[in-house]
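Trainee: I would like a close look at one part of this model and at what surrounds it. Please take it step by step.

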Amino acid sequence: MKPIFSRGPSLQLRLFLAILLSASLMLADSRLGAFANIRYLLNSAVAPLQYAANLPREMLDVLRGQFSSHQRLLTENKALKRDLLVMKSNVLLLDQLQQENQRLRSLLGSPFVRDERKMVAEVMAVDSDPYSYQVMINKGRIDGVYEGQPVINDKGIVGQVSYVGAHNSRVLLLIDPTNAIPVQVVRNDIRVIATGGGRDQQILLEHVPSSTDIKKGDLLVSSGLGGRYPEGYPVARVTSFSFDNKRPFAKITAKATVQFDRLRYLLLVWPTDRVKTNAQPMVNKAGPATVVEAVAPAAVTTAAPVVPVPEKVNHANQ
């Protein structure tokens, strides 16, 4: 009589054959890519199931994000309304103080009157030269930009325009070693010359006597001397003051208030005298009166080069 269940290979032999088959398939797949198409088809077949299983979680994330965004916007809106109310009250007080300041300065005969025109510009590119600190902005001669024009942002003075093209310009940053600016200490009105240190946010005060009353933490602002930079804008804050008895001058370093590695939007400034000049028409004696846009003498050229190559000029005397 033949048994119903015949005895097959042993378990050890089956295990060995299974391991050998698995190793062969893995070797064929890794070396020859024999199952790439099969894997692609299986993945395509399973993908809808994966999306369906992930759909509830995505819907919950969207709802939670919308709810949290709505709450955050409401909170920020309330905070901004409170800040706006405070700022409006400060502006009212600031207007009163500005008018009082102008009356007092008019009484004293001081020429310091704030009536600058400003224009927002965006940084387009940064100079790749490691020994030159310049940026390119998207405003040029057609916007009234001129060479030597001061450039600021919400932190203080950034630099000055070194080249003007038709639609863009180059700005020489304040930390460039070839750039210099006359500054004064807010605490005691001492006037010195600050030059770029060639590093991020480093400003140097050179040829300052060791007996000068300058301390660590003093705020330096533009003095307005030379007529290049307007008066009163923050420049840097003194970080170190050291001197040697054998040397006549002290070694003073400061940190610029502007973060030059994070420049995005800048403000081009037209000082008071240029604003008044632009507002006055020029009359042509040979014919009827015609209004001509006034620009800086340095910005008037017969032909502007297409590809600018700015020269490094020491502006310490400005």
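Trainee: With which side chain does the side chain of Thr178 make a polar contact?

Mentor: The model is a predicted one. In it, the partner is Asp176: the side chains of Thr178 and Asp176 make a polar contact at 2.5 Å. Thr178 sits in the loop that links strand E5 (169–173) with strand E6 (180–185). Its relative accessibility is 16%, and the cut-off for buried is under 20%, so Thr178 counts as buried despite its place in a loop.

E5 is mostly covered, with 5 of its 5 residues buried. In a regular strand, side chains alternate between the two faces of the sheet. For E5, one side carries Ser169, Val171 and Leu173, while Arg170 and Leu172 are on the other. Both of these faces are covered, and each of the five residues is buried.

E5 also has strand partners. Strand E2 (residues 134–137) runs antiparallel to E5 and is joined to it by 4 bridges. E4 and E5 make a hairpin, and 4 residues lie between the two strands.

Nonpolar side chains in soluble globular proteins tend to be buried together. The largest nonpolar core here has 44 residues. Leu173, one of the E5 residues named above, is among those with the most contacts inside this core, along with Leu205, Phe260 and Leu268.

Trp270 can in turn be set against Gly144: they are 126 residues apart in sequence, but their C-alpha atoms are 9.3 Å apart in space. Gly144 belongs to the loop between E2 and strand E3 (150–152). Gly144 counts as buried because its relative accessible area is 5%. Like Thr178, then, Gly144 is a buried residue in a loop.

Key. Residues numbered from 1 in each chain as written. Predicted model: local features only at pLDDT ≥ 70, side-chain atom pairs only at ≥ 80, totals over all residues. Heavy atoms only, no water. Core = buried A, V, L, I, M, F, W, Y, C linked by side-chain atoms within 4.5 Å. Buried < 20%, exposed > 50% of the residue type's maximum accessible area, 1.4 Å probe, protein only. Polar contact = N/O pair within 3.5 Å; in protein donor to acceptor, adjacent residues only side chain to side chain. Pairing = 2+ DSSP bridges.
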